[in-house]
Amino acid sequence: MDDKQHEIEATLGVGKSRHLVPRWVYFLVLAAALLGGYLWWNTEVEMRRAVTYQTEAASQGSLRVTVTATGTIEPTNLVEISSELSGTMEAVLVDFNDTVAAGQVLAALDTTQLEAQLAVQEASHAAANARLLSAEASLVEAESSFEIARQLDERGIASGTNLTSAQAALARAQANVAIGQADRNLAQAQLDAQKAELDKACICSPINGIVLQRNADEGQIVAASFSAPVLFTIAEDLSKMELQVDVGEADIGRIAVGDTASFSVDAYDDQSFPAMISLVRYASEIVDGLVTYKAILSIENEALLLRPGMTATADITVAEYSDALLVPNAALRFAPPQIVPEETEDEASGGGLLGLLMPSGFGDDGRVRSDRTVWVLREGVAVEVPVEKGDTDGRMTRIQSGDITVGDLVIVDMTKGK
């Protein structure tokens, strides 16, 4: 009887109602979870969108625009002295850093052979001169004989044959004098040439200056057959030097003769030296694959601190402004994130893994930059202001026109809240 009753109750569902949970409870729990998630997400989005702007005030001041170039310091006049003759170096009379005068003997070759050849030419010249004197004496005698023969012929005392002989003797005497003069001139030329060769054995300074290099030693064999060896290098005046710098083709149009500059060298890190452009060469040069042009800067070096060959970095002033309206260069590079339209906000910022990794409206891909505008913070709001920019010194830029005044807070960067 009991088994029968349990079977009927199971069929009718009697007793199950004590274990069932109402369905509305599930809906309530689900709605609460969705609402909490929504509130949490909105809070995160607002925190992500919270932005703090970093600003700097637009200022008024001076601006100096420069072009930077690197080069070497060189003497204004550098002379390399060689030997035209081959031979043995007999004497070297100067050393490094010696001050020399124009015409001063620096070194001399062994002149034994040259002096012997000069003696031969002097003897030859003396012989030619003696022959000329003999010919001139013969000419005087021939002229006298011819005059006597002519007078006798006029009187009819002597025959015509005597006059002809005297005339021929006179002509020969005149020819001998001409030959004697030519021989003497030839001997004189050979003597002068030999003296010049002997003078070349004396290696002398052509200018007043300082010996920078000495490549000669006593007893050294000088061979000038194929190329003249450089024995001495002399700088004319180290108190006035020049800086030769390479200027890139992008900057060459901005520099000109008369521009002032300052430069530094590694030997004096804390000291700056003045200079002025004295020449800009038209010829181009290729340096490391780049087209450059050589600019020459004049340098005063009275203290002789600067030495030839030093590497220098020069800042050439190409423009200067006073009382200019200035903003940091970072303000011209700044751009805020783009505003995401409401209809695409969920898709752009909240949807999927990409939205979690790249929040809406923030990031390089979401910014539109322009160097013709600056963003100014006015009453807590970022306002874009078109401007016309001028020159820059690499940190500050001159503003030529635009709705911006001294003291305006220009935005240079921003940080995003978390």
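Predicted model: local features only at pLDDT ≥ 70, side-chain atom pairs only at ≥ 80, totals over all residues.
Q: How do you know that the length of H3 agrees with its number of residues?
A: The expected span is 1.5 Å times one less than the number of residues. H3 has 44 residues, so it should span 64 Å, and its end C-alpha atoms are 65 Å apart, which agrees.

Q: Which residues of H3 are buried?
A: They are Leu114, Leu118, Gln121, His125, Ala128, Leu132, Ala135, Leu139, Ala142, Phe146 and Ala149. An α-helix has 3.6 residues a turn, so residues three or four places apart point the same way.

Q: Why is Gln121 called buried?
A: The cut-off for buried is under 20% relative accessible area. Gln121 has 18% relative accessibility, so it counts as buried. This residue is found in helix H3, which covers residues 112-155.

Q: What does Gln121 touch, if neighbours within four places in sequence are left aside?
A: Gln121 is in contact with Gln190, Leu191 and Gln194.

Q: How much of the protein chain counts as buried?
A: Of its 418 residues, 31% count as buried. The chain exposes about 25900 Å², and carbon and sulfur atoms supply 53% of that area.

Q: What makes up the secondary structure of the protein chain?
A: The chain has seven helices and 19 strands.

Q: What makes a group of residues a nonpolar core, and which residues have the most contacts inside the largest one?
A: Such a core is a set of buried nonpolar residues, taken from a list that includes Ile, Leu and Phe, joined through side-chain atoms within 4.5 Å. The largest core has 35 residues, and those with the most contacts inside it are Ile73, Leu243, Ile255, Phe263 and Leu297. At least two of its residues come from each of E2, E8, E11, E12, E13, E14 and E15. E15 gives the largest share, seven residues. A second, separate core holds 23 residues, including Met89, Ile207, Ala216 and Ile234. In soluble globular proteins, nonpolar side chains tend to be buried together.

Q: Which residues does Leu297 touch, not counting those up to four places away in sequence?
A: Leu297 touches Met241, Glu242, Leu243, Val245, Ala261, Ala275, Met276, Ile277, Ser278 and Ala314.

Q: Why are E3 and E5 called edge strands?
A: The open sheet has four strands in the order E3-E10-E8-E5, with antiparallel pairing. Strand E3 (78-82) and strand E5 (99-100) each pair on one side only, and these are the edge strands.

Q: How do you know that E3 and E10 pair?
A: Two strands pair if there are at least two bridges between them. Five bridges join E3 to strand E10, residues 230-235, and the two run antiparallel. Val79 stands opposite Ile234 in E10.

Q: What makes Tyr53 and Phe334 an aromatic pair, and what is its geometry called?
A: The structure holds three aromatic pairs. Ring centres must lie within 6.5 Å, and planes over 60 degrees apart count as edge-to-face. Tyr53 and Phe334 are 6.4 Å apart, centre to centre, with 85° between the planes, and this pair is edge-to-face. Tyr53 is in strand E1 and Phe334 in the loop between helix H5 and helix H6, 281 residues apart. With 26% relative accessibility, Tyr53 counts as partly exposed, while Phe334, at 4%, counts as buried.

Q: What is the geometry of the pair formed by Tyr268 and Phe273 called?
A: Tyr268 and Phe273 are also edge-to-face, with 6.1 Å from centre to centre and 70° between the planes. Tyr268 counts as partly exposed at 23% relative accessibility, whereas Phe273 is buried, with a relative accessible area of 9%. Ring pairs link Phe263, Tyr268 and Phe273 into a cluster.

Q: Why is Ala324 called buried?
A: Buried means under 20% relative accessible area. Ala324 has 5% relative accessibility, so it counts as buried. The residue lies in strand E15.

Q: How far apart are the C-alpha atoms of Ala324 and Ser59?
A: They are separated by 8.1 Å, although the two residues are 265 residues apart along the chain. Leaving aside neighbours within four places in sequence, Ala324 is in contact with Ser59, Gln60, Gly61 and Arg398.

Definitions and conventions: Residues numbered from 1 in each chain as written. Heavy atoms only, no water. Buried < 20%, exposed > 50% of the residue type's maximum accessible area, 1.4 Å probe, protein only. Contact = heavy atoms within 4.5 Å. Areas by Shrake-Rupley, 256 points an atom, 1.4 Å probe, with all protein chains shown as cover. Phe/Tyr/Trp six-rings, centres within 6.5 Å; stacked < 30°, edge-to-face > 60°.
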